[in-house]
Amino acid sequence: MTGTAEGIAELRDVHVTYPGRSEQVHALRGLSLTVRRGEFITVMGPSGSGKTTMLNLIAGLERPTSGSVCVNGQNMAKLNDTAASVIRRRDISYVFQFFNLLPRLPVGENVAIPLRADGIGVAEIRRRTRDVLEKVGLADRIDGFPDELSGGERQRVAIARALATNAGLILADEPTGNLDTRRGEEILNIFRDLVEGESRSIVLVTHDHRAAAYGDRMISLRDGQIADEVAGKHRGADVSDFPGAG
Amino acid sequence: MNWLLRYLSVPDLRRAPGRYALSVVGIAIGVATIVATLGVADSVVHSFERSMATAMGSATLRVGSHGAGVDLEIADELRAQDGVRGAAGIIHRSVVVTGDEDVRLTLIGVDMVGDAAKFSQALRESVSIADEVEFLGAPDSVVVSGSWAADEMLALADTLTVMAVDGPRELVVRGVTRGAALEAAFGGRFLLMDLPAAQLLLGNGSAVDYIDVWLDEDAAVDVVRTRLATVLEGRATILDSGELARRAASLIFAVRVFLMMAGFVAVVVGFFILYNTVSTVLRQRRDSIQLLHALGTSRRSILSWLLVESVLIATLGFAVGVALGRAFASISIEGFIATSGAFLDQPTARLDVQWVTFFIAAVSALSVAALATIIGWKRILPTPEQQVRAAMASADAQGGPNRWVYRSAIGCFAAVAALVVLAPRTLPYYPLVFYLLTTLGIVLFGFGVLSPVIAEWVGRRGFEWAVRRPGFPAVHAFANVGRDPGGLVIAASAIVMAIASTLAVFSLTTSLERTALAWIDQHFTSDAIVTVKGQFLQTFTATSISPDVLAQIRDLDDVRIAQGIRNVEIEYEGEPVLLRAIDMVPAAMELNEVEWSSTEDAFGRGRGVFVSENLAHWRDISVGSTISLDAPAGAREFTVLGTFADYLNSAPGVIVIARDTYTRVWGDSRINRVRVWGRPGAVALGDGMSEVVERYHLEVTPVSVARASFAEFIRGAFSSVYAMVGIALIVSFAGVLNFLLIAVADRIDEISVLRANGVSAYQIMLSTMGEAGIVGAVAAVLGTVAGFAASVIIITVGVPMVTGWFFDFHFPLLPPLQVFVGAMVFAFAAGLIPGVQAVRLSAASRRAG
């Protein structure tokens, strides 16, 4: 895994503008952020503040109107689709709130998506898939289908996918928003363990102040800019007075 | 509802014009398929029927023995009967007008000062003759149809050369028709002559082709008809207009049956295309529709809005489809006219689409659009009860997947087996069409029902294969097909139908061609055949040749044997058949059950006849039975000495008689063709005969060329097969395209996950195209199997019922392979568009937040 000394992902003075019907919509206005290796950043903010756009930029799924977005030292805006896809499958893992798994693929193959896309051999895919599903406690569900899993189990499969690729950076867009408190905490603890045990970096977008408190650093976005940033008091600290919380 | 159209449909149209354009194109293809196929059928059948009906004009009865003609003196006898107002002899023949390119026109000969002119309003009103005295006085006078004169820039006093019985004859234009009555009857391509001049031109002597009879207004038709029959004593037959139309229909029986079946396939395939297209548009807007409902718009209002929108789209698609269909029909009609022209005096290849065809196309477009809208609406906005029922059905399906599918398929195939075993010898037109459509429809339905099960099986096996290999697209493509086969039912069924029907026609063509060519090799033992130019394939409608020609050919040094042949249409048990009179020559005729040598003597002495195997099959005639034929001097009985195959004549059947007997009994010594055997060492018979050939505007066709022309004729007769291939490929493309557009629209979230997990745009596109290829392959395989089954039924059951012929079954390998590969390539290519669309749907669709 390569990267700059400062961070695995760096956003510098990023602006994102969408054409609107009457006037342009500014999703991000000069956002700068560095995600350091082994750092757990939680991002809060009201709807439309630019949280998801920020994640999409880091993943190379969108391009900034101006500014730069680098992952492991590579400017995502200047990469073609194939090169950006290679980074997404090797260095980044994305976990969504609702729809993480392909319903027509069994659990094992859902985990294997980035590995297959990367052309990894079948034996290696099987080994890694089994290992990571064991880690998240779902080894016995490897041949099951997503509609046979609970919400929490589905999120754990998505996390297993992140583990399978050894991605250094996990982007999570409200991964606990669809879960009850206990299952949400389970997922957040897995994330926390990944940061502390494996030095992975996580950027987690959430509306839940309790989830936000799991981060090393908490960022509040408002109108496409960082409105506030504080050091986290992870594992359940009270951050209800933080801007954007609740 | 208006506000929905105004504030949702119109902006939607502006935002996504491509989607609406696709709908219009899809519906247009469906409508065009229907209009083109039924349009050709309309043109061939109705133009002939109308021609017959209009030609009869105001006459109540028609008296004739066809081909050999009736003596004009009979008209005087008929006119003298009570209840008869008038009787007029008519010449009605096809003639060739020579020029840079020979043209066939209908020649009508009527007594311009007799009863026909008196009682036929169309004749009185349509004909304009500059100098009637000159017209009647000169035997070279002719009136030409107004439209043809305009096309050929013919004016009064211009000349044209017509093939007469004794060679080319120059005629002078002394009149032109006007108005629409006669133009409509003969498709604008006809000549009109005074009766004696026409008789002279065609060497008819005192015979006419038929006599039209007008009755007194208060006369009872049945009573007068009985009276006339008594007077005629079997010298001629009497037909009314209904019988005439029925007779016309029977002459093109096989053509009508096959066109009707092609029309049925077109309607079904069109139905699938229409349904698929409308469903696609609806499914693509599922989110908007569900949102509207959530915001308080009632299900009924939403349905009304969607129905109005669908009907508007369908109407536009219908208009475009009609134009497209007419264009397709215009292109393919030539082939059909060329085919039927061998048996009928087909006036023209003018496209003549009936209103009922437009009606069927319009009803199909609108009803299918409405049906697809209602079904889609129910799926998108189910009532709570429907949701519960769907959930219960889904739970039931878990216990016995596809059981009902297997049962349905087995039921279909059992029903087909029963229909085949119980197949009658033949049936009248409508029951026959119903029987064949039912049998073939059940076969195709059976395979259509099986398509999702097979697709599921292929998907699951393919998935098992793909997961054992690296790479993502194959795993994803097979998983999608294996886990959700129901979505492709409509697309796959349409492809199965289109491919199966195409292959069935291919098989039919090949079987006919191979069987018939083998027959030609066996039966065409002469070196060459002499006919009027361009009439090698003409039978009923061939121009008559003077017997002098036969004598002159026999006198040539190079000629060893010359056999004169006369083909005329006569009645047998109330139906038209072809009577073929042949000279006795030292050349054996190939017979089915008996040797020529054992029957030659009886045949030559006029004691017996041979009948074609199709006539024997239909009428249950066997060797040794006796048949009765109407002749000018009354009915004559003949013993059936043997049967023979004849693949040049279908529906009517053929009776072969010795020409000496024919000339004696029917009083007609003319011929239509001459079979020629050259002396050993004679190099080119045509060269030796050049003087005769030129004088009588004939052509000499070597048997090798005849064989090739016949093969070409068969291919031409089935030229529509190539249009069907095109339709099959378009269906493959449109079906898969629509299916995948729906699938991609349904999988936005899925594609977002793939993109976010590093699956490249190229890999997603490959996966989508792979899925298209799998659907195409499954449907192509099923279509091929269904096509094979349909071919077996058509050739072993359908063809004998329709034509009386028995073909050797051939299922060509190359054309099915080409259609198979073509369908797959088209399906695969169809995946490109949804593939590109899938690529555009990146994780950016989750832009909120």
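**View 1. S201(A) is a buried residue in a predicted model.** S201(A) has a relative accessible area of 0%. Buried means under 20% relative accessible area, exposed over 50%, and partly exposed in between (1.4 Å probe, protein chains only). The residue belongs to strand β8 of chain A, residues 201-205. Helices (H or I, at least four residues) and strands (E, at least two) are DSSP runs, numbered from the N terminus. The S201(A) side chain has a polar atom 2.9 Å from the backbone oxygen of R36(A). The side chain of S201(A) also reaches the backbone nitrogen of G38(A), at 3.1 Å. A polar contact is a pair of N or O atoms within 3.5 Å; within protein, one must be able to donate a hydrogen and the other to accept it, and residues adjacent in sequence count only if both atoms are side-chain atoms. Beyond its neighbours within four places in sequence, S201(A) is in contact with residues including I8(A), V35(A), E39(A), G168(A) and I170(A). Contact means heavy atoms within 4.5 Å.

Residues are numbered from 1 along each chain as its sequence is written, and chains are lettered from A and ligands numbered from 1 in the order in which they are written. In this predicted model, local features need pLDDT of at least 70, side-chain atom pairs count only at pLDDT 80 or more, and totals for chains, interfaces and linings use all residues; side-chain values use heavy atoms, with hydrogens and water left out.

**View 2. Chain A and chain B meet with 37 residues from each.** The area buried between the two chains is about 3000 Å², and carbon and sulfur atoms give 58% of that area. Buried area is the accessible area (1.4 Å probe) that two parts lose on being put together, summed over both. The rule finds 2 salt bridges across the interface of chain A and chain B. A salt bridge is a side-chain nitrogen of Lys or Arg within 4 Å of a carboxyl oxygen of Asp or Glu. D81(A) and R755(B) form a salt bridge through their side chains, at 2.7 Å, N to O. On the chain A side, the elements that give two or more residues are α1 (51-59), α2 (81-90), β6 (92-95), α3 (107-117) and α4 (122-135). Of these, α3(A) gives the most, with 5 residues. By class, this side of chain A has 15 nonpolar, 10 polar and 12 charged residues. Ala, Val, Leu, Ile, Met, Phe, Trp, Tyr, Cys and Pro count as nonpolar, Asp, Glu, Lys and Arg as charged, and the others, Gly among them, as polar.

**View 3. E124(A) and R128(A) pair in a salt bridge.** Their closest N and O atoms are 3.0 Å apart. The two residues lie 4 residues apart in helix α4 of chain A, so about one helical turn separates them. E124(A) is partly exposed, at 29% relative accessible area. R128(A) is buried, at 19%.

**View 4. R183(A) and D180(A) form a salt bridge.** The closest N and O atoms are 3.2 Å apart. R183(A) is partly exposed at 29% relative accessibility. D180(A) is partly exposed as well, with 39%.

**View 5. E134(B) and R174(B) form a salt bridge in chain B.** The closest N and O atoms are 3.3 Å apart. This pair links distant parts of the chain, 40 residues apart: E134(B) is in helix α6 (residues 132-137), and R174(B) is in strand β8 (residues 167-177). E134(B) is partly exposed, at 41% relative accessibility. R174(B) is buried, at 15%.

**View 6. N567(B) is buried in chain B.** Its relative accessible area is 4%. N567(B) sits in strand β14 of chain B, residues 559-572. A polar contact of 3.1 Å joins its side chain to that of R580(B).

**View 7. A207(B) and V70(B) come together from positions 137 residues apart in sequence.** Their C-alpha atoms are 5.1 Å apart. A207(B) is in strand β10 of chain B, residues 207-208. At 13% relative accessibility, A207(B) is buried.
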